[in-house]
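Subject: Structure for your files

Hello,

Here is the structure you will be working with. My notes on what was found in it follow below.

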Amino acid sequence: MSTQKENCGGLEWRLTVSDGSSEALAPDRSKIYRVWLWVHGLAITLKLMIWNSIEKIWKLGADDPRRAVHGLKVGIALSVVSLFYYVRPLYNGIGGTAMWAVMTVVVVFEFSVGATLSKGLNRGMATLLAGSLALGVHSVASQFGEKTEPVVLVIAVFLTASSATFSRFIPTIKRRFDYGITIFILTFSLVTVSGFRVEKLVEMAHQRLSTIAIGGSMCMIVSMLVFPVWAGEDLHLLITRNIEKLGDSLHGSMVEYFSEGEDDTGDDEPCKKLQAYKCVLNSKATEESLANFARWEPAHGQFGFWHPWKQYLKIGTTLRYCACCIEALNASINSEIKAPESAKKYLSVTCSKLSSQCSSVLKELARTTKTMTKSSSIDFSVEEMKSTVEDLRNTLKSLPDHLTHQQEQTPQLEAKEEAMQPLSTTVPLFEVLPLVTISSLLLEIAARVEAVVSAIEELADLASFNLANDEKPKKNQPVSNLPPKQQEQDDAVRAIQLV
């Protein structure tokens, strides 16, 4: 039998033995210690989880502060729209359908202005068309009598929903009006089905359309006036960054290959630049989405109405072709078959020069696109690149002679020289295949870079890029109206006179 006794503010357990005496029971401190360790470990784990979550959230907002601003913008729009439900005069004007305005803000408000306009206009037009069509169907169905009216309505819902759903598979409609088609089907079905039991159908449709218009308008106003995020600018900057990444990856790959690991400092930044081309390969979906939203946006900044956003998709396609070649180039560079040092040094100068020139052309194109100005030196850079392409082709043609000459200089036994000559020529050619592949890929990349140049020049013409500062006529310099040939002759005469 055990008894319980309070001692020093605590509890003491005692056990009565057979002789009548009692003994105190000491608590099992090992169990208490294990429980304390478990609680302490749990507290530390929760603390680390909360801290890691805070760090991730902070990094997410620091990487792009516009995300935090977007949350504030949504809060502003919802707060303003909710006044139509809280304020009695506003509530009496639109009735209990004020909640549709709140729902519209939640559904329509997107990150960029173009996305918000796209969803808002799609929702508004779809609601208007579906409501009008549903009212017309109700008017026609009511002429068939009370028993036949449900049958007509069911047939109308079936035909409309089927045809509208099928239209979503059309690429153009799916890309630009997919959300609108969904809202059209939803609104038409709701008005058609619920209107059969509602007497004031026109008033109900008018109230819902009004509240949706209020919510959509509030989204558009806040999105365009409060720190707007333009999809067109994002697309423009995305293409610019992709061009720069291709230039860095191409130049960095060739420098790493021909430097023979001399510049290996353990820094991760060069490795990131070498792999930057992978971002270009994975940017197709983002480019198409931004281009689709940019078409809905009004004129802003340097982008006017009817800006050629489709041309950015064409540029993105040419960049991905170039990125695929760079990916194949890196695969060849990392091949397990190593080229002879003599052949590598023989092609290193021309290959490095060509990769450097391609990288320079890409960076100049990035600057041209970013500033929206026509470059005055791009034609000269392209001609230099073409000249180096011809030099690399001639160097490749002379590579077998170089290898043969190297083999003749290798000391061999006279007795085995004639027997080993076919093998000594075949082995270096086999070993040099990755180097020949790299050179061929460089030639292909140069051709792809020319395609990028053509696409950006076409964009410059369509978007009316400004001339560079050195191409604009100076204020104090008279502009000649002479024909080009006569002007060249006059310039030559002035040069001779100065000499």
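Ile50 counts as exposed, because its relative accessibility is 53% and the cut-off for exposed is over 50%. Please keep in mind that this is a predicted model. Ile50 lies in helix H1, which covers residues 29–63. Ile50 is also one of the residues of a nonpolar surface patch of about 950 Å². As a general point, nonpolar side chains in soluble globular proteins tend to be buried together.

Overall figures

The protein has 499 residues, and 35% of them are buried. It contains 19 helices and five strands. Its accessible surface is about 30,700 Å², with 61% of that belonging to carbon and sulfur atoms. Among contacts with a separation of 6 or more, 78% are between residues 24 or more positions apart.

Interior

The largest nonpolar core has 59 residues, and those touching the most other members are Leu246, Leu329, Leu354, Leu365 and Val449. At least two residues of this core come from each of H9, H11 (277–281), H12, H13, H14 (341–371), H15 (378–397) and H18 (433–462). H18 gives the largest share, 14 residues. There is also a second, separate core of 15 residues, with Val137, Ala141, Val152 and Phe188 among them.

Apart from neighbours within four places in sequence, Leu354 is in contact with Met385, Thr388, Val389, Leu392, Leu442, Leu443 and Ala446.

In helix H12 (residues 284–294), the buried residues are Glu287, Leu290, Ala291, Asn292 and Ala294. Their cover includes helix H7 (171–194), helix H9 (231–258) and helix H13 (309–333).

Regards

How values were computed
Residues are numbered from 1 along each chain as its sequence is written. This is a predicted model: local features need pLDDT of at least 70, side-chain atom pairs count only at pLDDT 80 or more; totals for chains, interfaces and linings use all residues. Side-chain values use heavy atoms; hydrogens and water are left out. Patches are made of residues with over 30% relative accessible area and no salt bridge: like charges are joined within 9 Å, nonpolar side chains (Val, Leu, Ile, Met, Phe, Trp, Tyr) within 5 Å. Accessible areas come from the Shrake-Rupley method with a 1.4 Å probe; for residues, only the protein chains shown count as cover. A salt bridge is a side-chain nitrogen of Lys or Arg within 4 Å of a carboxyl oxygen of Asp or Glu. Helices (H or I, at least four residues) and strands (E, at least two) are DSSP runs, numbered from the N terminus. Buried means under 20% relative accessible area, exposed over 50%, partly exposed in between (1.4 Å probe, protein chains only). Contact means heavy atoms within 4.5 Å. A nonpolar core is a set of buried Ala, Val, Leu, Ile, Met, Phe, Trp, Tyr and Cys residues joined through side-chain atoms within 4.5 Å.
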